[in-house]
Amino acid sequence: MSGNNGHSNQNNNGGEANTTKEAEPHPVFEQLPGVQYCINSPPPWLETVFLGFQHYLLALGSIVLIPSMVVHQMGGNDKDKAKVVQTLLFVSGLNTLLHSFFGTRLPSVIGGSYAFLIPVTSIIHSKKYTLIQNPEQRFLETMREIQGALILTSCFQMIVGFLGLWRNIVRLFSPLSMVPLITFTGLGLYHLGFPLIAKCVEVGLPQLIIIIFISQYLSRFIKLKRPICDRFALLFSVAIVWLYAEILTWSGAYKNSKNSSCRTDSSGLISGASWFYIPFPFQWGPPSFGAGGIFAAIVASFVASVESTGSFLAAARYGSATPVPPSVISRGIGWLGVGTLINALFGSVTGSTAIVENAGLLALTKAGSRRVVQISSLFMIFFSVLGKFGAIFASIPSPIMAASYCMFFGYVSSAGLGYLQFCNLNSFRTKLLLGLSFFIGISLPQYFRDHYLNSRNDDPMHNIRTGWFNDIMCVIFTSNATVGAVVAVVLDCTLPHGTDEKERKDNGSYWWDKFMHYNKDIRNDEFYKLPGQLNRYFPPF
């Protein structure tokens, strides 16, 4: 009896062992699963309107921050700053709408680029303008030269994009070299996160905690038929913390404080904005041109194009689309050039780029619909014309927006890390490329930031800290995404592969080959085809 039982137990154990499945890696997805509304599937209209307003609210952060950094240096007052904010908001809405129809057709919001701040600041502090005693005259003269630099810059950007030159650059990328590009598109903006929160911790930190709680934890306690908590977490959290900041301001908590970042009435936009104002071309007068500013601005447009490429790839991922073909990205860069030209004509102090944080918002809401972004562009145009109403939302304290950036920049960075699923992480070639591109992408820009802001006489680079050459160097080498991407592409194109055929697939290029050309994947028409019959006259390659 005991022998039979032992034999029976052995059979049972063997059967259990046979039925146990071996651990398997997670499957690879060309299109991100779990997205409820992809590019071509709009939500219900009411939901679309609220989602569009949420994108508008998030885009306001950079649209307000950039003019706030430069207008007063130019000699402008609060009224001038409000007019520049209205102008940048107006052209951002116009560019977003044009891009959604004729550019990449991705759910990307087009706004102002931080890459242009270095050449713009250099123009502002040039000797010929600092000698002007009248602040208003100095503001106008400075604005006109910025317009002139942006006009010529836009021509370069349109040539690179529409002639397909950018397409050839993008084709140098593999999934492996895309990882540092996309990741640093988000991580490279770390200075807009906690450093801004720290300016008013009592307002910024609650926003960070509340948006994480509403989006990730509240649904455990409140059961709803639709995913309201995570989809509208930004609206709920901003409303709560903004009201809290208003109460602190009204109660006199900052009455004797020099910290204006906490106050809701410190921006000067509400008092400076007009009730009704339609921006128009050359509102500051005819543009002027200076060689140094033009060269630096052209390089800044290259950096903005690199960072926008990373943002486009992240937006495609969170819109559950196929990877963007290089020809479509090149078309998008061409339309960014059109956007920079529009910015220059209207006078908005910076060129255009695909705003990074809005690509991250697509991940939080799981709604990558193109229509949502189009509605957002209409909000931008509407509130730019009705200045006082738009100024109310634009007066949200910057630490509140910075806390939101922590989540959305993180989402964009993780989209870059997602491309590792197509690569062989057990390859030493892969490890070297990733490790070196990430380290140099962090270390080199930090050196140039320290050098540019705090030059010292014993600095070995001090002897070239003059004029436009210094601006060009700093524009390139302070961009984490540009440095990391260049290092990755150079290593990926030059490091030898092994002799084994499998080792040649380590960087994922075998997977990327079918997306190199537009016509190789029939799904591309679904996401990137131009409206009407335009594809016939402007065929992608």
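Residues 24 or more positions apart make up 84% of the contacts in the protein chain with a separation of 6 or more, where contact means heavy atoms within 4.5 Å.

Before that, the ground rules. This is a predicted model, in which local features need pLDDT of at least 70 and side-chain atom pairs count only at pLDDT 80 or more, while totals for chains, interfaces and linings use all residues. Residues are numbered from 1 along each chain as its sequence is written, and side-chain values use heavy atoms, with hydrogens and water left out.

The overall picture. The protein chain has 26 helices and 2 strands; these are DSSP runs, H or I of at least four residues for helices and E of at least two for strands, numbered from the N terminus. The radius of gyration is 25 Å, close to the 24 Å from the globule rule for 541 residues, so the protein chain is as compact as a globular protein of that length. That radius is taken over C-alpha atoms, and the rule is 2.2 Å times the number of residues to the power 0.38. Along its principal axes, the C-alpha trace spans about 105 × 60 × 55 Å.

Of the 541 residues, 56% count as buried. Buried means under 20% relative accessible area, exposed means over 50%, and partly exposed is in between, with a 1.4 Å probe and protein chains only. The protein chain exposes about 23,400 Å², and carbon and sulfur atoms supply 65% of that area. Accessible areas come from the Shrake-Rupley method with a 1.4 Å probe, and for residues only the protein chains shown count as cover.

On charge, there are 39 positive and 29 negative side chains, and the centres of the two sets lie 6 Å apart. Lys and Arg count as positive, Asp and Glu as negative, and His and the chain ends are not counted. The charge is placed at NZ of Lys, CZ of Arg, CG of Asp or CD of Glu.

Helix 4, residues 117-124, is mostly covered, with 6 of its 8 residues buried. Those are Leu117, Ile118, Pro119, Val120, Ile123 and Ile124.

Helix 23, residues 480-494, reaches 21 Å from its first C-alpha to its last over 15 residues, close to the 21 Å expected at 1.5 Å a residue. The expected span is 1.5 Å times one less than the number of residues. Helix 23 is also mostly covered, with 11 of its 15 residues buried. Among them are Asn480, Thr482 and Asp492, along with Val483, Val487 and Leu491.

Thr96 is in helix 3, residues 78-102, and counts as buried because its relative accessibility is 0%.

Gln147 sits in helix 6, residues 135-162. Its relative accessibility is 1%, so Gln147 counts as buried. Beyond four places in sequence, Gln147 touches Phe282, Trp284, Gly285, Pro287, Ala344, Leu345, Phe346 and Gly347.

Phe282 has a positive phi of about 55 degrees although it is not a glycine. Most residues other than glycine have a negative phi. Phe282 is partly exposed, at 38% relative accessible area.

Val349 also has a positive phi, about 65 degrees, and is not a glycine. Val349 lies in the loop between helix 16 (326-346) and strand 2 (352-354). Is Val349 buried or exposed? At 2% relative accessibility, Val349 counts as buried.

Cys406, in helix 20, residues 398-417, has 27% relative accessibility and so counts as partly exposed. Cys406 and Leu189 are 217 residues apart in sequence, yet 9.4 Å apart in space, C-alpha to C-alpha. Leaving aside neighbours within four places, Cys406 is in contact with Gly193, Phe194, Ile197 and Leu208.

Phe213 is in helix 10, residues 201-216, and is partly exposed at 38% relative accessible area. Phe213 and Asp230 are 17 residues apart in sequence and 9.3 Å apart in space, C-alpha to C-alpha. Outside four places in sequence, Phe213 is in contact with Leu218 and Phe221.
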